[in-house]
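Thanks for making the time, everyone. I would like to walk you through a few elements of one model, so please have a look at it first.

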Amino acid sequence: MSNLNINRIKNIGIIAHIDAGKTTVTENMLFFSGLTHRLGNIDDGTTVMDYLDEERARGITIAAAAATFKWHESLVHLIDTPGHIDFTAEVERSLRVIDGAVVIFSGVEGVEAQSEKVWHQASHYNIPKIAFINKLDRVGASFERVLDEINLKFKNCAVPVQLPVGAENNLSGVIDLVGMRYLTFEGDNNQHIRSNSIPLEFEDLANQYRERLIERLADVSDQIAMLYLEGADLKDRTITDALRQAVLDNLLVPVFAGSAKNKLGVQPLMEGIINYLPSPSDRGSVMAQSVKSSEQVEIKPDSKAPFTGMIFKVVASPSADLFYLRTYSGTLGQGAKLINSRTREKVAVKQMLRLFAKSTEPLAEVGPGDIVGLIGPRNCTTGDTLCDFHQLVAFEEISFPEPVISIAVEPHSSREKGRLKESLELLCREDPTLALARDEETGQWLLSGMGELHLGINLKRLFAEFNIVVKAGEPRVAYRETFRQVDTVESIFRKTIGDQELEAGVTIRFEPLKLGETPFQINNELQKNIPNAISKAAEQALHDGLR
């Protein structure tokens with residue numbers, strides 16, 4: 001695979017709000033590319049990408065899954081990400097390593113809360129995008145309404161390259177506004193595309209939308225502006241090339257239309273991935289930090305340069321972890337020795353794998369701009385940089401949100417205490433938004449995560465994958481308060497012990513700290529004639545209360 005032209009590689013992510021149809025779109029792509037020989041169905045629990053038991057039972061994506069397929073002359077690495085907010089870490093780590101994104105919108109619900117979240121996450125990494133308005137066969141679906149919502153929410157960037165023909169149950173195909181042709185889909189699984197003349201009743205509408213497309217391109221392309229003013233007949237390739245450049249510059253987002261469930265419009269979307277989204281060479285160099293000098297180092301996608309890659313996902317196992325690796329420079333062969341720039345430890349690459357969701361295929365060699373699986377390295381985690389000994393660098397780490405909710409977990413029987421700890425640590429190794437701590441008072445394990453669904457699914461994994469029955473307490477939300485102004489509190493403590501009556505008074509003055517400082521600081525100003533043990537006990541009580 002190292003001989004593959006880097007210009008033919010596409011690293012893309014599918015992102016959207018939950019239930020917009022990401023996984024169904026992905027399953028269509030795998031089928032039409034020939035990677036799978038039957039269409040996976042969410043309702044039947046037969047999807048390739050949602051392979052975890054909980055994903056199939058709930059009909060939602062929980063963990064980002066990667067699959068590699070060929071489309072024409074290109075090799076596409078596709079990552080299907082979750083849409084639920086509890087699993088935002090899966091989106092974040094995927095966006096960190098992809099080069100382009102396909103944003104799915106429901107033709108009925110339009111731009112939803114998580115749609116905005118993932119869009120802005122992608123924009124944070126400056127990732128070019130194309131969009132697909134899905135479910136246009138549903139009652140209440142509207143291509144125009146959702147298109148207007150996208151432009152309203154995201155600064156007028158969306159430009160349609162297709163129009164749906166028919167609405168709701170009468171959706172029959174799409175009009176390609178670049179080639180000005182009417183595409184219909186035939187065969188048992190709509191796998192065959194037929195190119196037709198645009199129906200007469202849609203000609204005026206198609207011409208209007210094509211005129212708008214060219215006008216939008218003229219705003220960002222001097223070449224198109226000149227040809228447009230001269231009244232030239234623009235060729236399909238000229239429009240495609242100009243639109244591709246506008247996508248690479250993050251100026252425009254081409255919008256496609258269809259219904260993944262009815263297998264309408266997915267192949268043209270795949271053509272859009274090839275035509276408009278960048279290859280690793282289009283994205284160019286990335287910056288890393290030299291571990292020795294702390295200077296910025298430019299990492300070019302050159303197969304002859306020293307090797308650099310980033311681990312962006314860990315599939316933990318008691319025997320050997322599987323690491324998802326994005327390669328950035330150099331060539332990596334099986335048996336190679338690398339160094340983890342975080343730990344400075346040597347790591348050995350025992351196996352390299354091409355990823356097909358749950359399945360894998362061995363690789364002998366891989367070049368820059370690829371996404372592969374690795375087996376062999378130890379003591380590695382999400383965000384680690386693996387590099388050549390001659391160029392010790394570290395990429396910017398992936399930032400994940402802090403856990404917001406916790407539950408107390410204990411084994412059903414005492415003999416499973418050791419296994420429970422090991423299993424919880426394994427889950428935390430996979431998921432950076434899970435955290436494990438020990439309650440010093442109760443001895444219970446405290447598992448923290450992003451929400452009740454997040455924690456509930458991981459508790460079910462303990463039984464399904466490790467056969468451990470656990471008892472869990474009620475979820476507790478981890479929130480923090482602070483002072484807005486200076487305040488002074490006085491309190492009197494009275495207690496009778498036997499015949500002795502004890503009394504003590506304390507005055508505490510609270511002042512807000514600046515944001516970003518330590519959570520709290522204690523300055524003990526108790527009088528010196530107070531016994532040290534009492535003074536320390538008062539300070540500890542205040543410390544525990546603030547914590």
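This is a predicted model: local features need pLDDT of at least 70, side-chain atom pairs count only at pLDDT 80 or more; totals for chains, interfaces and linings use all residues.

Strand S12 (residues 286–290) and S24 pair in the antiparallel sense over 2 bridges, where pairing requires that DSSP finds at least two bridges between two strands, and strands here are DSSP runs of E with at least two residues, helices being runs of H or I with at least four, numbered from the N terminus. One of these bridges joins Gln289 to Ala394 in S24. The open sheet to which they belong has 3 strands in the order S13-S12-S24, with antiparallel pairing. Strand S13 (296–299) and strand S24 (393–394) are at the edges with a single partner strand each, so one side of each has no neighbour in the sheet.

Residues are numbered from 1 along each chain as its sequence is written, and side-chain values use heavy atoms, leaving out hydrogens and water.

Turning to helix H1 (residues 22–32), is it mostly covered or mostly uncovered? It is mostly covered, with 10 of its 11 residues buried, that is, under 20% relative accessible area, with over 50% counted as exposed and anything in between as partly exposed, using a 1.4 Å probe and protein chains only. Among the buried residues are Met29, Leu30, Phe31 and Phe32, and the elements covering the buried residues of H1 include strand S1 (9–16) and helix H9 (266–276), through contact, meaning heavy atoms within 4.5 Å. After H1 comes Gly34, with a positive phi near 90°.
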